[in-house]
Amino acid sequence: MENNNAIYVTRSSIPSYEEYTEEIRDIWESRWLTNMGSKHIRLEGDLKSYLQTPYITLFANGHLALETVFTAMNLTGEVITTPFTFSSTTHAIVRCGLTPVFCDINPDDYTIDVSKIECLITPKTSAIVPVHVYGNICDVNSIQKIADKYNLKVIYDAAHAFAVEYKGVSSANFGDASTFSFHATKVFNTIEGGAVTSKNSGLIPILNRLKNFGIQDEENVTHIGGNAKMNEFQAAMGICNLRHIDAEIAKRRVIFDRYAERLCGIPGIKLSIPNGDIKSNYAYFPVVFDRYRYSRDEIVTKLRAENIFARKYFYPLVSDFECYRDRAGFDSSKTPVAKYIADSVLTLPLYGDLGADQADRICDIILEKD
Ligand SMILES: *Cc1c(COP(=O)(O)O)cnc(C)c1O
């Protein structure tokens, strides 16, 4: 349970109680609780314009968005992806009967290393599933070139990249599709929730059916779909949170900048600061302890002693999970950069209401200043 002075890695942003209850009032009148009601329709419209994307469809969560889009695209065989991600990316690939093929990552922004993709392509490869990890946008142009050359689909796991832009283009508009998570811990939340965006209008009706048992209309069921619909209470939370998202991101930026200012240029501490091409959402503040006087794990212990809970995000690598032990191809020694980063990275607490003084306190502990 949360105790009063503990600091966790994140804290969900929520509207005022009054704002949410006002938003859900008409649900009591309509009794329309789920199945693409007015809140769902409204949030899709709001997000389309906020993310500047032509097509979007909402999901119960980000994980089902991933599984459903893989199914909708009829992927087969092998999928080239990154091991430096949340379990969901890899699990979705495996749960869809596909084989993940792990590509190593860049040591600077931790996204997939495009120079290592081509040598992993085989006749069985059907797609590339990169992750805009911590909101850092992948090398989307090089990835698209490779995909075009080998006729592969590209699906971005954009769970971390809500509201991020690269050279003025929304993260929702790269590749064949992008998936988002609106989980409580993400920059924008619908309690639980997710979405798929795509420039391809043909994909959306299929996704809409697959998230609702494959139902086309009352008498026609065209796909073996599951149930992955966002309900009206989730959508209502999204409508409220979206009103405040720019303010939330601006508050995060203050904390992010304070961390950057305090920790930049310290020998043994490596930061990943978005460059001028990126409009960031300040979702995470990853720090890599690279021959610092304390190891990552020692820093974790020091912070914990002060009731501060940073996260080893992502450690361990997905390819080292117990559930994948002894599986061919799940060998973290083949992605040495990812392994090294997983062993040395820590994401510091970051959320709008954290307070710059708390960020300072955390830096003081890391830098041993008081
Ligand atoms: C959060 C997250 C997901 C899963 O989203 P849920 O909404 O929690 O199901 C997938 N991929 C990445 C990279 C994530 O961080």
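Aspartate 157 has a polar side-chain atom 2.7 Å from a nitrogen atom of the ligand. The model is predicted: local features need pLDDT of at least 70, side-chain atom pairs count only at pLDDT 80 or more, and totals for chains, interfaces and linings use all residues. Residues are numbered from 1 along each chain as its sequence is written, and side-chain values use heavy atoms, with hydrogens and water left out.

**Ligand surroundings**

- There are 15 residues around the ligand, and Gly62, His63, Asp157, Ser181 and Lys186 come nearest; a residue is near a molecule if one of its heavy atoms lies within 4 Å of it.
- Glycine 62 places a backbone N or O atom 2.8 Å from an oxygen atom of the ligand.
- Lysine 186 has a polar side-chain atom 3.2 Å from an oxygen atom of the ligand.
- A polar contact is a pair of N or O atoms within 3.5 Å; within protein, one must be able to donate a hydrogen and the other to accept it, and residues adjacent in sequence count only if both atoms are side-chain atoms.

**Nonpolar cores**

- The largest nonpolar core has 87 residues, of which Phe84, Ile117, Phe162, Tyr259, Leu263 and Phe285 touch the most other members.
- Such a core is a set of buried Ala, Val, Leu, Ile, Met, Phe, Trp, Tyr and Cys residues joined through side-chain atoms within 4.5 Å.
- Buried means under 20% relative accessible area, exposed over 50%, and partly exposed in between (1.4 Å probe, protein chains only).
- With 7 residues, helix α8 (residues 245-263) gives the most to this core; helices (H or I, at least four residues) and strands (E, at least two) are DSSP runs, numbered from the N terminus.
- Another core, of 22 residues, lies apart from the largest one and includes Ala65, Leu66, Ala72 and Ile93.

**Aromatic rings**

- The structure holds 23 aromatic pairs.
- Rings of Phe, Tyr and Trp (its six-membered ring) pair if their centres lie within 6.5 Å; planes under 30 degrees apart count as stacked, over 60 as edge-to-face and the rest as tilted.
- Tyrosine 8 and phenylalanine 309 have ring centres 5.2 Å apart and planes at 15 degrees, so this pair is stacked.
- Because tyrosine 8 lies in strand β1 (residues 7-8) and phenylalanine 309 in strand β16 (residues 308-309), the pair ties together parts that are 301 residues apart in sequence.
- Tyrosine 8 is partly exposed, at 29% relative accessible area, and phenylalanine 309 is partly exposed, at 25%.
- Phenylalanine 182 and phenylalanine 188 form an edge-to-face pair, 4.9 Å centre to centre with 80 degrees between the planes.
- Phenylalanine 182 is buried at 0% relative accessibility, and phenylalanine 188 is buried at 1%.
- A cluster linked by ring pairs contains Phe84, Tyr110, Tyr134, Tyr284, Tyr313 and Phe314.

**Threonine 82 and helix α4**

- Threonine 82 lies in the loop between β3 (78-81) and α4 (87-95), and at 2% relative accessibility threonine 82 is buried.
- The threonine 82 side chain reaches the backbone nitrogen of phenylalanine 84 at 2.9 Å.
- Leaving out residues up to four places away in sequence, threonine 82 touches Phe102, Cys103, Ile105, Ile112, Val129 and Val131; contact means heavy atoms within 4.5 Å.
- α4 is mostly covered, with 7 of its 9 residues buried; these are Ser87, Ser88, Thr89, Thr90, Ala92, Ile93 and Val94.
- The buried residues of α4 pack against α3 (62-72), β3, β4 (99-102), β5 (125-129) and β6 (153-157).
- Glycine 97 follows α4 and has a positive phi, near 80 degrees.
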